Amino acid sequence: MSLKKEFIKICHMVYEKGFVAATDGNLSQRINYNQALITPSGKNKGELNEDDLLVIDLDGNLIEGKGKISTEVKMHLLAYNSRRDINAVVHAHPVYATAFAAAGRDLTDPVFPEVILTLGKVHLCEYGTPSTEELILPIKKFIDKAWALLLQNHGAVTFGVSLKDAYYKMEKLEHAAKTIFIAEQLGGAKKIPPEKVKQLLSIARSTYGIHPNFELEADENIKLPGVNDEPLYNNEVSYSQIIEDRLRARAGNLNVNPFDVKGRNSISNENRSNLSKSEIDEIIKEFNYKKD
Ligand SMILES: [Zn+2]
């Protein structure tokens, strides 16, 4: 399936799932180091077709296509220019997640294992007028760590290694918000105890192949992404791991075997040579998509 065809399919899913109403919401996907596909402003996501999609550069200039660039483009550019592991952004107003955001409530309690592993803590960004810099500043506080955020009195945004990944994160966020809302009618959701969260994190990499989006502190308390935390890949990561992750993300599929070498995926992380943080920073610079 072509990139645009796949993109449109996901736009239609966002509408059909009820994650947006009327012409709300916007989606984008990185297509190379400095360009992304993005939805136009003022169009229903369920009625979009390939010709409606726009190509922009990561400074926000229109490169290809007719129509007005989504008014929330700044949120998308912030994500791409801040994080090399983000290849797609979905912004929507799903009812339950948006209800939490409207009530000024975040979704940061550890309630569901799969949410802990894939979304981490879902923080609430304080209200900012849509389409202005005001909306962006609160997101900036969390962008280094978050895969999903609630936007107060507005909606939600998810980031993914591919558009499908960002879409699934939105679906998971909405499902979690809905379930927690219903649990509240039954007396409230119980939190997973810290030692169980720790156990889950300890098997995340080997069992699920997931880089959990949070860290554990020495005292065994759970440290979820926060404002002043180090970004992802702060831990020692091998050179080959970084390259592989990058290639998998580019392929839009974390299960892809980037070198197509038999047995390559079974090499455990411990067998890979570890590099120092400064060496990793050098490599990250090499792989950074943002042009200077
Ligand atoms: Zn919106």
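What share of the contacts with a separation of 6 or more in the protein comes from residues 24 or more positions apart? The share is 65%. The points below concern a predicted model.

1. Overall make-up. The protein has 9 helices and 10 strands. Of its 292 residues, 32% are buried.

2. The sheet. An open sheet is formed by 8 strands, and their order is E4-E3-E2-E1-E5-E8-E7-E6, with mixed pairing. Strand E4 (62–64) and strand E6 (123–125) are the edge strands, and each of them pairs on one side only. From one strand to the next the twist averages 25°. As background, strands of a sheet pair through backbone hydrogen bonds, in either a parallel or an antiparallel sense.

3. Strand E5 and its partners. In the strand order, E5 stands between E1 and E8. Its pairing with strand E1 (residues 26–32) is antiparallel and runs over 4 bridges; here Asn 26 has His 91 of E5 as its bridge partner. The pairing of E5 with strand E8 (residues 155–160) is also antiparallel, over 5 bridges. In that pairing, Ala 88 is bridged to Gly 160 of E8.

4. H1 lies across E1, E2 and E5, and runs at about 160° to E1.

5. Helix H1 against helix H6. The axes of H1 and helix H6 (residues 163–185) come within 10 Å of each other and cross at roughly 10°. That angle makes H1 roughly parallel to H6, because angles under 35 degrees count as roughly parallel. On the H1 side the contact is made by Glu 6, Phe 7, Ile 10, Met 13 and Val 14; on the H6 side, by Leu 163, Lys 164 and Tyr 167. By class, these are 6 nonpolar and 2 charged residues, with no polar ones. An α-helix has 3.6 residues a turn, so residues three or four places apart point the same way.

6. Helix H2 against helix H5. Helix H2 (residues 73–82) packs on helix H5 (residues 133–140) at an angle of about 30°, and the axes are 9 Å apart. H2 is therefore roughly parallel to H5, and the crossing is right-handed. Lys 74, Met 75 and Leu 78 of H2 meet Leu 135, Ile 136, Ile 139 and Lys 140 of H5. The contact of H2 with H5 holds 5 nonpolar and 2 charged residues, and no polar ones.

7. Burial of H2. Which residues of H2 are buried? They are Val 73, Met 75, His 76, Leu 77, Ala 79 and Tyr 80. Met 75 is both buried and part of the contact with H5. The cover over the buried residues of H2 includes strands E1, E2 (35–38), E3 (54–57), E5 and E8, together with helix H5.

8. Positive phi at Ala 22. Ala 22 is not a glycine, yet its phi is positive, at about 50°. The residue lies in the loop between helix H1 (3–16) and E1. Is Ala 22 buried or exposed? Ala 22 counts as exposed, because it has 11 C-beta neighbours inside 10 Å and the cut-off for exposed is 12 or fewer.

9. Positive phi at Asn 153. Asn 153, also not a glycine, has a positive phi of about 55°. Its place is in the loop between strand E7 (148–151) and E8. With 13 C-beta neighbours inside 10 Å, Asn 153 counts as partly exposed.

How values were computed. Residues are numbered from 1 along each chain as its sequence is written. This is a predicted model: local features need pLDDT of at least 70, side-chain atom pairs count only at pLDDT 80 or more; totals for chains, interfaces and linings use all residues. Axes are lines fitted to C-alpha atoms, for helices over the stretch in contact, and angles run from 0 to 180 degrees between N-to-C directions. Helices (H or I, at least four residues) and strands (E, at least two) are DSSP runs, numbered from the N terminus. Angles under 35 degrees count as roughly parallel, over 145 as roughly antiparallel, 65 to 115 as roughly perpendicular and the rest as oblique. A crossing is left-handed if the near helix is turned anticlockwise from the far one by less than a right angle, and right-handed if clockwise. Two residues are in contact if their C-beta atoms, placed from the backbone, lie within 7 Å. Ala, Val, Leu, Ile, Met, Phe, Trp, Tyr, Cys and Pro count as nonpolar, Asp, Glu, Lys and Arg as charged, and the others, Gly among them, as polar. Two strands pair if DSSP finds at least two bridges between them. A residue is buried if 20 or more other C-beta atoms lie within 10 Å of its own, exposed if 12 or fewer, and partly exposed in between; C-beta atoms are placed from the backbone.
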